[in-house]
Amino acid sequence: MTDFKRVLIMGTGPTSVQLAVLFKKQRGSYIGIAGRQSVRSDDFFASLRRHDQHIRVSVQNEKHRSVEGECRLDRIFTGYSRIEGSWDTLILAVTTDAYVQVLSQVNPDVLKQVQCIVLVSPTFGSNRLVHQYVSELGYTPEVISFSTYCGDTRWADRQPSNHVVTTGVKKKLYIGSTQNPSERMNELCKIVEQLGVTMEVMASPFEAETRNISLYVHPALFMNDFSLNAIFGNADVQTYVYKLYPEGPINQYLIRNMLAGWKEIMRITDRLNIRPLNLLQFMTDDNYPVHLQSLSRQDIEEFIDFQDIHQEYLLYIRYTSLLIDPFSKPDEQGKYFDFSGVPFRKMFVNREGQLDIPRMPKEDYYRIKIIQGIARHFQVDCPTIDKFIATYENKLVQVAQEQKDLPLSGAFQVQTFAEDLNMICEGLEINHQEDML
């Protein structure tokens with residue numbers, strides 16, 4: 001096997017440590033990690049130096065022992081412009097809005113030798129963006145998209161270091177490539193399947209990218225007045241992402257907007273000849289199940305054919321059924337694990353001393369703006385998506401004005417992401433023309 005001999009992982013988060021151990025453990029790859037210099041990454045790089053470039057992955061649950069391990073990194077690059085050497089594979093484990101920014105800093109002599117670029121946790125359109133960017137440079141690597149990252153990994157001691165803990169592993173992932181058939185994609189499937197994850201190969205990377213639950217639920221859950229007040233306000237009372245109003249944002253209007261947002265995305269994917277996604281089935285079969293006493297198999301499988309009010313009713317049942325973990329063991333008082341008790345994270349001062357926004361909804365803003373841009377490219381109306389974005393951007397402007405005396409991160413800026421959208425849409429046009437030949 002010649003692929004994945006020399007693998008360079010871009011990014012310095014916990015995911016990069018987990019992926020490095022996986023490739024070293026399963027493929028014996030020569031592994032490098034590269035990242036930008038920042039206050040957070042400085043701690044990570046310092047820890048690597050103290051431990052002679054050794055990294056370690058622990059697990060929270062014994063059934064996930066297949067992902068644990070330790071190894072020594074072969075190369076470390078503090079700054080993407082400092083990358084040197086020959087690498088057959090680049091793995092992008094950075095946020096989706098940073099893909100082009102990261103690739104643009106890599107020396108062209110390094111980039112032109114890359115045979116494969118893997119997107120660990122892309123969003124809708126990321127593969128087209130990366131493929132179009134490298135194509136304009138004259139390079140033709142295979143670009144592979146996963147639907148999302150294979151697990152839940154975090155720093156072992158809450159601070160960046162050489163040690164991470166993987167607390168969960170996904171049940172199922174989707175994957176797609178710019179090349180079909182693809183031996184590299186098949187090899188990646190084998191690597192992930194050894195973790196106990198079911199893999200499904202999709203007809204295109206775009207289709208794989210639509211199989212990410214965050215696209216369909218996060219905008220409704222976070223881009224509403226209740227949630228934004230919880231994130232940016234000063235209330236002392238804790239509220240929770242997945243609880244019903246007034247403990248959380250979930251009410252009949254949020255469910256209605258979630259359903260409408262899903263239907264708008266389905267109208268976009270229809271223009272791209274992508275198979276429709278049954279939202280309720282995806283929630284229960286691929287993410288977290290509920291008892292059949294709560295949702296029948298027939299209702300789940302026929303969800304896509306029901307009227308709006310019936311669909312809203314079933315989505316509401318789904319969220320009420322998961323207020324507790326229905327498969328946990330009750331205590332002596334008959335109480336189950338509080339599954340929905342995920343607190344909203346509030347805006348915070350980051351390590352650079354700037355007021356910043358939590359990952360949710362900061363990353364969701366990029367995702368939904370890209371979806372909106374693709375919808376406009378195909379002249380697909382998306383009033384619900386437009387409403388999510390307007391609600392969020394109005395809050396950004398308001399908070400930035402209220403906190404104008406404090407240093408603010410770039411996350412408080414209203415953005416168009418025009419350059420990324422132009423590349424994605426140009427790539428979509430080329431791809432559409434090729435499909436018609």
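**Side chains and their partners**

Modeller: Let me start with Q26, which is buried at a relative accessible area of 18%; buried stands for under 20% relative accessible area, exposed for over 50% and partly exposed for what lies in between, with a 1.4 Å probe and protein chains only. Please keep in mind that this is a predicted model, in which local features need pLDDT of at least 70 and side-chain atom pairs count only at pLDDT 80 or more, while totals for chains, interfaces and linings use all residues. Residues are numbered from 1 along each chain as its sequence is written, and side-chain values use heavy atoms, with hydrogens and water left out.

Colleague: OK, and where is Q26 placed? Which residues is Q26 in contact with, leaving aside its neighbours within four places in sequence?

Modeller: Q26 belongs to helix α1 (residues 14-27), where helices (H or I, at least four residues) and strands (E, at least two) are DSSP runs numbered from the N terminus. Apart from those sequence neighbours, Q26 is in contact with K190, I191, Q194 and L195, contact being heavy atoms within 4.5 Å. The side chains of Q26 and Q194 are also joined by a polar contact of 3.4 Å; that term covers a pair of N or O atoms within 3.5 Å, where within protein one must be able to donate a hydrogen and the other to accept it, and residues adjacent in sequence count only if both atoms are side-chain atoms.

Colleague: Switching to charges, how many salt bridges are there?

Modeller: The count is 24 salt bridges, each being a side-chain nitrogen of Lys or Arg within 4 Å of a carboxyl oxygen of Asp or Glu. One of them pairs E142 with R184, with 2.9 Å between the closest N and O atoms. Because E142 sits in strand β8 (residues 142-146) and R184 in helix α6 (residues 183-193), this pair ties together parts 42 residues apart in sequence.

Colleague: Is E142 buried or exposed? And what about R184, buried or exposed?

Modeller: E142 is buried, at 1% relative accessibility, and R184 is buried as well, with a relative accessible area of 14%.

Colleague: What does R256 do with E312?

Modeller: The side chains of R256 and E312 form a salt bridge at 3.5 Å, N to O. R256 is in helix α10 (residues 252-271) and E312 in helix α13 (residues 308-321), so that pair ties together parts 56 residues apart in sequence. At 36% relative accessibility R256 is partly exposed, whereas E312, at 12%, is buried.

Colleague: And which residue does D308 bridge to?

Modeller: D308 forms a salt bridge with K263, the closest N and O atoms lying 2.3 Å apart. Here too distant parts of the chain are linked, with D308 in helix α13 and K263 in helix α10, 45 residues apart. D308 is partly exposed at 42% relative accessibility, and K263 is partly exposed at 23%.

Colleague: What about aromatic pairs, how many turn up?

Modeller: There are 15 aromatic pairs in the whole structure, counted when the ring centres of Phe, Tyr and Trp (its six-membered ring) lie within 6.5 Å, with planes under 30 degrees apart called stacked, over 60 edge-to-face and the rest tilted. Among them, Y365 and Y392 make a tilted pair, 5.0 Å centre to centre with 45° between the planes. That pair links helix α14 (residues 359-377), which holds Y365, to helix α15 (residues 383-402), which holds Y392, 27 residues apart. Both Y365 and Y392 are buried, and ring pairs link Y365, Y366, Y392 and F417 into a cluster.

Colleague: Last one, how is helix α5 placed?

Modeller: Of the 11 residues of helix α5 (residues 126-136), 8 are buried, so the helix is largely enclosed by the rest of the structure. The buried residues include R128, Q132 and Y133, and just after α5, G138 takes a positive phi of about 95°.
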